[in-house]
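A guided reading in running paragraphs would be welcome.

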Amino acid sequence: MTTLMMILGIVVFAVGLLISIAWHELGHLSTAKLFGIRVPQYMVGFGPTIWSRKKGDTEYGVKAVPLGGYIRMIGMFPPGPDGRIEARSTSPFRGMIEDARSAAFEELQPGDETRLFYTRKPWKRVIVMFAGPFMNLVLAVAIFLGVMMTFGVQTQTTTVGKVSDCVIQQSENRSKCATSDQAAPAKAAGLKGGDKIVAFNGKAIDDWAALQSDIRSNPGKDVTLTVERGGQKVDLTAHLIKNQVSKTDGNGGYVEGKYVYAGFLGFTPASGIVQQSFGQSVNRMGDMMQNGVESLVSLPAKIPDLWNAAFGDGPRKADSPMGVVGAARIGGDVFTLDIPASQQVAMMLLLVAGFNLSLFLFNMLPLLPLDGGHIAGALWESLRRNAAKVLRRPDPGPFDVAKLMPVAYVVAGIFVCFTILVLIADVVNPVKIS
């Protein structure tokens, strides 16, 4: 049964992946057609074509390998300086440029002269290239907000999970109390597991991050805790002491390896599934965006650990880069967890949403062959054309993005190598959830 559920989870994630890819390419397709650019193909997947159908100017289809997708627009690159496609050169870099230029014109038909991508104004080209990643962002935001506001998310609450017996500095990394250790303020005040703290010094409280902040900002003070216990409200008085504790991230979480001295009560909050308000969901979404950007920036620094996890005996860290195979395995694991079916669905949706957020951030990198590279090229063309107009100089014409194809091949090569490394790590030492 466990194997069947894992296979089901992988299939569900694969379907979500295909929908995400199709949704991304639909953004490019719809805006390209809006601006009158001819699109010969709209394909989900790579490799051999499984199914296709032509409607109007465009062939729509599904290919065998569900690891991406594409649309083909005619005239992605402008012609050579003489107005036509240049002959091949013996230079390898020139060959790359001319291959790209040839591919952009290979399906040119009579009447297409006014339907070429490069002939559109830069702002229109920016919209066409941005529309794909933007669709992923829209899907990610919609799923994240929907899950948080309906299913809820696993979060720390103001309910007491466990009361500490004594005061231990966080950096000591021990759980057993010594005879010389002072009793924890929570234990001395009579706080018990299962108590729900509903007020701090008379101020109503229902958020763990806010309660944590109140506790930490009152070292050395006597405070009143109002708790719900057995259906009744009970007031407890606790003397908060100053102790070394883990540094927080401002949202109730902790920063690993960082410590501060602050007010200390001495209990572990219980976790639970809590529905979020629209405002709370937006704040969490903002944090996810920030974490996503930081993860993308720190990606090169994670390669050594990824290499050790794939080819050595190093551990696979929870924040390790993960590919489609790894995400599919996580999807399979989700359906084998001993949790309610509603939470399995919620976790699967969050996994698909995270994939879409990653697609958006990655594609916005200003590098060819990514969408962000084409956006950067269009913006550069607009800048130099407007500068020429202000300086009363001749119009420099379209920026020839094809000249950057050697760089694009290098970027693509690095990406392929990185993808292979992630794939090996996902197979031999996958990221796991509990």
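**Helix packing in the predicted model**

Setting aside neighbours within four places in sequence, Leu306 is in contact (heavy atoms within 4.5 Å) with Arg316, Ser320, Pro321, Phe418, Leu421, Val422 and Ala425. This is a predicted model, in which local features need pLDDT of at least 70 and side-chain atom pairs count only at pLDDT 80 or more, while totals for chains, interfaces and linings use all residues. Residues are numbered from 1 along each chain as its sequence is written, and side-chain values use heavy atoms, with hydrogens and water left out.

Leu306 itself sits in helix α7, residues 303–311, where helices (H or I, at least four residues) and strands (E, at least two) are DSSP runs numbered from the N terminus. Because its relative accessibility is 1%, Leu306 counts as buried, a term that means under 20% relative accessible area, with exposed meaning over 50% and partly exposed in between (1.4 Å probe, protein chains only).

Two packed helices are described by the angle between their axes and the distance between the axes. Here the axes are lines fitted to C-alpha atoms, for helices over the stretch in contact, and angles run from 0 to 180 degrees between N-to-C directions. For α8 and α11 the angle is about 30° and the axes are 8 Å apart, which means that α8 is roughly parallel to α11; angles under 35 degrees count as roughly parallel, over 145 as roughly antiparallel, 65 to 115 as roughly perpendicular and the rest as oblique. In this contact, Val325, Gly326 and Arg329 of α8 meet Leu423, Asp426 and Val427 of α11.

How does α6 pack against α9, and at what angle? Helix α6, residues 278–297, meets α9 at about 50°, with the axes 10 Å apart, and α6 is therefore oblique to α9. The contact joins Met285, Met288, Met289, Gly292, Val293 and Leu296 of α6 to Leu357, Phe360, Leu361 and Phe362 of α9. By class, this contact has nine nonpolar, one polar and no charged residues, where Ala, Val, Leu, Ile, Met, Phe, Trp, Tyr, Cys and Pro count as nonpolar, Asp, Glu, Lys and Arg as charged, and the others, Gly among them, as polar.

The axes of helix α3 (residues 122–150) and helix α10 (residues 371–390) come within 9 Å and cross at roughly 165°, so α3 and α10 are roughly antiparallel to each other. On the α3 side the contact is made by Pro122, Arg125, Val126, Met129, Phe130 and Pro133, and on the α10 side by Asp371, His374, Ile375, Ala378, Leu379, Glu381 and Ser382. These residues divide into eight nonpolar, two polar and three charged.

The UniProt record, in an unreviewed entry, places the feature "transmembrane region" at residues 126–147, 345–365 and 407–428. In the model, residues 126–147 are 100% helix and 0% strand, with end C-alpha atoms 31 Å apart, and residues 407–428 are likewise 100% helix and 0% strand, with end C-alpha atoms 32 Å apart.

Definitions and conventions: UniProt positions are given in the numbering used here, feature names are shortened, and annotations may be inferred rather than shown by experiment.
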